[in-house]
Amino acid sequence: MMIRPILVVLFIVSQNLVNAEDNRMEYFAISPHIIVEKGTPVSGSVFDYFNNFVSPRLSHPIRWGNKETPLARIMIMLREGEIPFIPFLLKKPEREKYLHYTHKPYLMTKPAILVRADFPLKKIENLNDLKNAKLAFFQHGAIPPAMIKAGITIERVAGSDARQRMMTMLKYERIDAIFDYQVLSLKFLKKQLKYSNGRVLPLPLPEIGIHFVASKKAVSKERFSELEEALLAAPPYKEFVNHYIENYQP
């Protein structure tokens, strides 16, 4: 009479063991790292980089999620242990409570803005220079404290097509600039959407590091170490992404 419950328990345990070895990588779209079509990853520098240089070094290959997930939802899923990995994230003290971070970032980049050709400034010397400007950024993206302190106006844009919508807003002068933590993302956006008139201006803010992360609830420290070692053994990502942007054809 006890055989069926025991079999059910064994089945659940075996499924959990399989899931524990499932290197499922969830993601949110951010060019040039992850480029999606109809919510599915089709290309991108991180997509190609992990597939070519990281996954082959692992005991269990990376399996990309079937569809893009909004960042706000991803953060909840990581905290609850519903997903194991995402390929990149900014490091913040409050996130370290529930996330494994690689010891070193695999990319350092500079915050910047993308402006129209008629933007009055050629260089941003001080954040106060942007007090009268209207910037746009992702709805759930964290704003650098220094920009908040400077009283800069930032319009939040939601949706999976947020970048394209921000570009439209810029072209039609509804905003003065698009903000991003990564100068290279804005350079790529210019090329991707064929906006040759735009200019990318680095901001007087410190460089920021992009880390590979995993949920502490879903991934053991030992398992995370294997992925970190594979990442360290791979070629430098900065060289790879710069080459990717240079050779990208819209």
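# Exercises on a predicted model

The largest pocket has a volume of about 870 Å³. A pocket here is an open set of points on a 1 Å grid over the protein atoms alone, where a 1.4 Å probe fits, with protein on both sides within 12 Å along at least five of seven lines. Its volume is the space filled by probe spheres set on the points.

The model is predicted: local features need pLDDT of at least 70, side-chain atom pairs count only at pLDDT 80 or more, and totals for chains, interfaces and linings use all residues. Residues are numbered from 1 along each chain as its sequence is written, and side-chain values use heavy atoms, without hydrogens and water.

**Exercise 1.** Describe the lining of the largest pocket.

*Solution.* Step one: 38 residues line the pocket, and Phe28, Ala29, Ile30, Leu71 and Phe138 are the closest to its centre. A lining residue has an atom within 4 Å of a point. Step two: by class, the lining has 22 nonpolar, 10 polar and 6 charged residues. Asp, Glu, Lys and Arg count as charged; Ala, Val, Leu, Ile, Met, Phe, Trp, Tyr, Cys and Pro as nonpolar; the others, Gly among them, as polar. Step three: elements that each supply at least two lining residues include β2 (35-37), α3 (71-80) and α6. Helices (H or I, at least four residues) and strands (E, at least two) are DSSP runs, numbered from the N terminus.

**Exercise 2.** Is Ile35 buried or exposed? Find its contacts too.

*Solution.* Step one: Ile35 is found in strand β2. Step two: its relative accessible area is 10%, so Ile35 is buried; the limit is under 20% for buried and over 50% for exposed, with partly exposed in between (1.4 Å probe, protein chains only). Step three: leaving aside neighbours within four places in sequence, Ile35 has contacts (heavy atoms within 4.5 Å) that include Thr40, Phe188, Gln192 and Tyr248.

**Exercise 3.** In which order do the strands of the open sheet lie?

*Solution.* Step one: the 5 strands have the order β10-β9-β11-β8-β12, with mixed pairing. Two strands pair if DSSP finds at least two bridges between them. Step two: β10 (153-157) and β12 (199-202) are the edge strands, each pairing on one side only. Step three: β8 (residues 112-115) and β11 (residues 177-180) run antiparallel and are joined by 4 bridges.
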